[in-house]
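Thanks, everyone. Please have the model on your screens.

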Amino acid sequence: VILLTLSICATAQAQISGDSWMEDLWDTPNSRGELFQNRRLRDIVIPGTHDSATYALTNVGAPGSNAYLAALAALPGISGDIIIGYAEAQSLPVYQQLATGARFLDLRFAKYGGGYRAHHSLLGSSHVEVFADIKRFLEEGHDKEVIILRFNAMIDMESDDHNEFVADVFSEFRQWMVPKLSGLNATPGDL
């Protein structure tokens, strides 16, 4: 019985691709006969990543972070590698996270120099690079994939910086954005 169950699961899983799992399930009913496209977002388990843009951290401390931690990360050799490895929550760039099935991205940026950089105690990729990864995935025709972007822990930003960042988000993603009124009662089919 166990082997039969495992082979049935393996067969079902082989038909679902990480980069298009929502589309692959679009016309699939659940145990109550509801098609995936008609299920409320709040009733769907959405895979996601924590500190999604921390795949390429540097040894530069984020504004307001522990200076001691940044100093340790700057040490050559194993000490610096351990600290950076501890702070990096992801090993794949955002595009690859989306291509392997993540649909919720936890994005945290800090104002640094003339732009915005991902952070988790240390600074990482620019928002331009992260946005380009997301946009690339969307432009490849993943029309039935719902991606939730959560911007959190935005640090060292004045009101003007925040407004500039929000304007960049709208500029890059306006055509794919969903009105706030849709909320979690919306279904993939609604979007």
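Lys 135 is partly exposed, with a relative accessible area of 24%. Keep in mind that this is a predicted model. What does Lys 135 pair with? Its partner is Glu 172, in a salt bridge whose closest N and O atoms are 3.3 Å apart. Lys 135 sits in helix 6, residues 127-139, and Glu 172 sits in helix 7, so the pair ties together parts that are 37 residues apart in sequence. Glu 172 is also partly exposed: its relative accessible area is 27%. Both values fall between the 20% limit for buried and the 50% limit for exposed, so both residues count as partly exposed.

Next, Arg 136. Its side chain meets that of Glu 140 in a salt bridge, 3.7 Å from N to O. Arg 136 is partly exposed at 43% relative accessibility. Glu 140 comes out at 41%, again partly exposed.

Now to Arg 32 and Glu 34. Their side chains form a salt bridge at 2.8 Å, N to O. Is Arg 32 buried or exposed? Arg 32 is exposed, at 64% relative accessible area. Glu 34 is partly exposed, at 33%.

How many salt bridges does the structure hold? The count is 10. Some of them form a network, which links Asp 51, Asp 106, Arg 108 and Arg 150.

On overall charge: the chain has 14 positive and 24 negative charges.

Phe 170 is partly exposed, with 35% relative accessible area. Together with Val 166 and Met 177, Phe 170 makes a nonpolar surface patch of about 220 Å².

Now the whole chain. It has 7 helices and 6 strands. From the N terminus, the order is α-α-β-α-α-α-β-β-β-β-α-β-α. The C-alpha trace spans about 55 × 45 × 25 Å along its principal axes. There are 191 residues, and 35% of them count as buried. The accessible surface is about 11,000 Å². Carbon and sulfur atoms account for 55% of that surface.

Last, contacts. Take those between residues at least 6 apart in sequence: 74% of them join residues at least 24 apart.

Conventions:
Residues numbered from 1 in each chain as written. Predicted model: local features only at pLDDT ≥ 70, side-chain atom pairs only at ≥ 80, totals over all residues. Heavy atoms only, no water. Patch = residues over 30% accessible without salt bridge, like charges linked within 9 Å, V, L, I, M, F, W, Y side chains within 5 Å. Areas by Shrake-Rupley, 256 points an atom, 1.4 Å probe, with all protein chains shown as cover. Salt bridge = Lys/Arg side-chain N within 4 Å of Asp/Glu carboxyl O. Buried < 20%, exposed > 50% of the residue type's maximum accessible area, 1.4 Å probe, protein only. Helix = DSSP H or I, 4+ residues; strand = E, 2+ residues; numbered from the N terminus. Contact = heavy atoms within 4.5 Å. Lys, Arg positive; Asp, Glu negative; His and termini not counted. Charge placed at Lys NZ, Arg CZ, Asp CG, Glu CD.
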